[in-house]
Amino acid sequence: MKGSKVLDSESVFQDSLNLLEWPRLCEHLATFASTTQGILACKNLPIPQDVGTTRLRLAELLEIGSLDHLIDGGLSFRGIHDLGEVLLRCQKRGCASGEELLKVAETLGAARKLRRQIDDIELRPVTTALLKDLATLPDLETRLKFGLEEGGRVADRASSKLAGLRRQCQSLLLERRDLLQALVRRHGQFLQDTVVVERHGRPVLSLKAGAIGQLQGMVHDSSASGNTIFLEPQSIIPLGNKIVEIESYIKEEEFRLLAAWSADVSSNFASIDHLSHVILHLDVALARARYSYWLGGVPPIFSEEVNSSFLFTQLRHPLLVWQQRKEQGEEVIPVTLEVNSHVKVVAITGPNTGGKTVTLKSVGLAVLMARAGLFIPCKGRPTLPWCEQVLADIGDEQSLQQSLSTFSGHLTRICRILDAVTRSHAPVLVLLDEIGAGTDPVEGTALAIALLKTFADRARLTIATTHFGELKALKYSDPRFENASVSFDSITLTPTYCLQWGIPGRSNAIAIARRLGLDPLVTDRAQKLIVPNGEKDVNKVIFGMEEQRKRQQAAAEDAAALLARTEILYEEILSRWQKQSQQSLKTQTLRRKELETSIQEGQKEVRNLIKRLRADGADGETARQVGQHLRRMQKQNVPKRPKDGVKGWTPRVGERIRLIALGKAGEVKSISEDGLQLSVVCGVFRTTVDLNDVESLDGESPITPQPVIQVDLSSRIGRGANLKTTSNTVDVRGLRVHEAEVAVEEYLRRANGPLWVIHGIGTGKLKQGLREWLKSVPYVERVVDADQRDGGAGCSVVWLQEVRH
């Protein structure tokens, strides 16, 4: 009895899947699969039975989907074949064909390529775990590809015996062909045709019936008219018999090889079967990823709480999305659904063809897609509890064979749904279309209210569509109920397909009748008949709520527009600020380079002057000219002072200044050492600006300080020998260590100061060898790397002791 109830529960769930058109969605999913077995698996996509498996499927989708986007052309399953039949035959000690064995080899190679692409425990831990025990059997693949040619033919190289038999057979075939050609030339007048044809696998000549005695041989066939006799000449029959015999030996050898390879496959059955299952799993995961991204879906968030909220923002029906993109259907209008945790029943009201049933199916498919490890076609981050079952009663269940009316058919299914919900211990989503319809409205309304209250006690969420006005009032007596409606334009008499949350739908029957031209006398009488029941007052209240909702929506749109303009203004100010900061940084960098260039030029000039003083022909006149040149250099680099009467201003820390680009005032927090950069706070922003980009609050421009090059002639001349010159520099790049030692020693003997040895960086062997040798030279005090401008690590400076021993 318990087993029958479980089967009935599974049957109800399967019926619900069919009503929600889940198999059709799976067919759409299958178009994104890459292999034959993947297509079949997608068409029968299993739905996980626990939230842990669902989360694992979603993690697989994210990992393999991201990898698919990174690889040019996406992940490829080319070379993967369905090995089910060949593995089963080999396991039963059967012999697979060469083509089947070649598919095994190709699948092993393709699986190895996929493993290399996917295997990354840090980036893809879930999919990499699938490959943990995967064996791609490279030895078996090599053996099969070596022994088989394209198309599955056993290659000559597979066996020396096979190669010999084939050579022998080919030689006999050529010999028989030559004999036949000679017979055709000799007996051409007796032949109907000079073309050699085959009958029963033997070559024959087309001999005229009247010339049967002219050529001896074996008759194999004749034409329908009887005018042509197909005869195998006697002279080639022994050759033909020999060829048949050798061909039988060839087949035996080929069968032996194929049987041996099939045995190898059988011995690796477990590894190959596991590989096939892993590849199938990856193919289905990739199909789910590609389908989800094609839909523009987003990953769902499953709440840990049983009574958590449902949130779907701009949810689109996936089948309608397919119809729009693949079949040039109409644009899909999304719906937004937000159900708080305390709400158990949502009653959707509104006119027919307004989108109520589409909303039911959209929600049902969204929950099923989330369970199956698919993204949901909506915006934002959809949130929902993990529902064990999605049970639906949608459509007309009238059955003439079972003598069921529409009402009886719906009630039978609802009974099964209620029974399944009662037995379930996990959250269940129930979808009911036109509950209580098909019978007396009074009794139908009472039955619908009773059913919805029962489902509120037992199911996590029940969404029901209805035309009964009494169901709209349940929200005001039971906090577990909520109203929603599909809006309707009474002027154009068309639905807008927009779901209005918290507002019940109005009855538009009389308005539609008037619009369609029904006699006003009839519509007025109808209006008067519904007044006593309070329908008019209810419609007024609903109309007022709709108008209030429109005003609130307009106010929200105005607020959103104001917020958008504020954000644009903020981005514009921030952009201008960042642009000014970048310009200041560029200016600072440029001036620093100019200063460095000026310093380097000054140092170069000083070196040249020192060389002149150290030259052999230098005298007092030379020293005088050098002194004059140094004084000119000093005058050129003295900071310029503002002329009398010219306004100038120097900013100080803590002073208020104006940023020219923004036209805003700010406070100076710090000044760089060269005085060219200021750190300024303006409102909530703090940045570094160039000195020329600011002015005083009185409009005065700042005085730009000039860099000064300090030249100490006495110190530089006193240490003139410590400067790098052509006379104290030796280049040993490209020499061997012992050759470099000789060259350096020659320079050391006549050096009167430090020696610069240029050896380059390279592998470092030359530098290391020279330094080890220099340590053994007694008059060398120390060896260090040169300054960066003199070569850095690629040049060594050798300092000599003042007194050599």
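The model is predicted, so local features need pLDDT of at least 70 and side-chain atom pairs pLDDT 80 or more, while totals for chains, interfaces and linings use all residues. Residues are numbered from 1 along each chain as its sequence is written, and side-chain values use heavy atoms, leaving out hydrogens and water.

**The cavity**

- There is 1 cavity of 30 Å³ or more; a cavity here is a set of points, on a 1 Å grid over the protein atoms alone, where a 1.4 Å probe fits but cannot get out.
- The largest cavity has a volume of about 50 Å³, taken as the space filled by probe spheres set on the points.
- Its lining residues (an atom within 4 Å of a point) include F407, H410, L411 and I414, along with E434, I435, G436, A437, L447 and L451.
- Two helices, α14 (406–423) and α15 (441–458), each give two or more residues to this lining, and α14 provides the largest share, 4 residues; helices are DSSP runs of H or I, at least four residues.
- By class, the lining holds 7 nonpolar, 2 polar and 1 charged residues, with Asp, Glu, Lys and Arg as charged, Ala, Val, Leu, Ile, Met, Phe, Trp, Tyr, Cys and Pro as nonpolar, and the others, Gly among them, as polar.

**Positive phi in loops**

- Most residues other than glycine have a negative phi.
- E21, in the loop between α1 (2–19) and α2 (22–30), has a phi near 65°.
- E21 counts as partly exposed at 25% relative accessibility (buried is under 20%, exposed over 50%, partly exposed in between, with a 1.4 Å probe and protein chains only).
- R93 also has a positive phi, about 65°, and sits in the loop between α5 (84–91) and α6 (98–118).
- R93 is exposed, with a relative accessible area of 82%.

Note on methods
1 Å grid on protein atoms, 1.4 Å probe; cavity = no way out; pocket = protein on both sides within 12 Å on 5 of 7 lines; lining within 4 Å.
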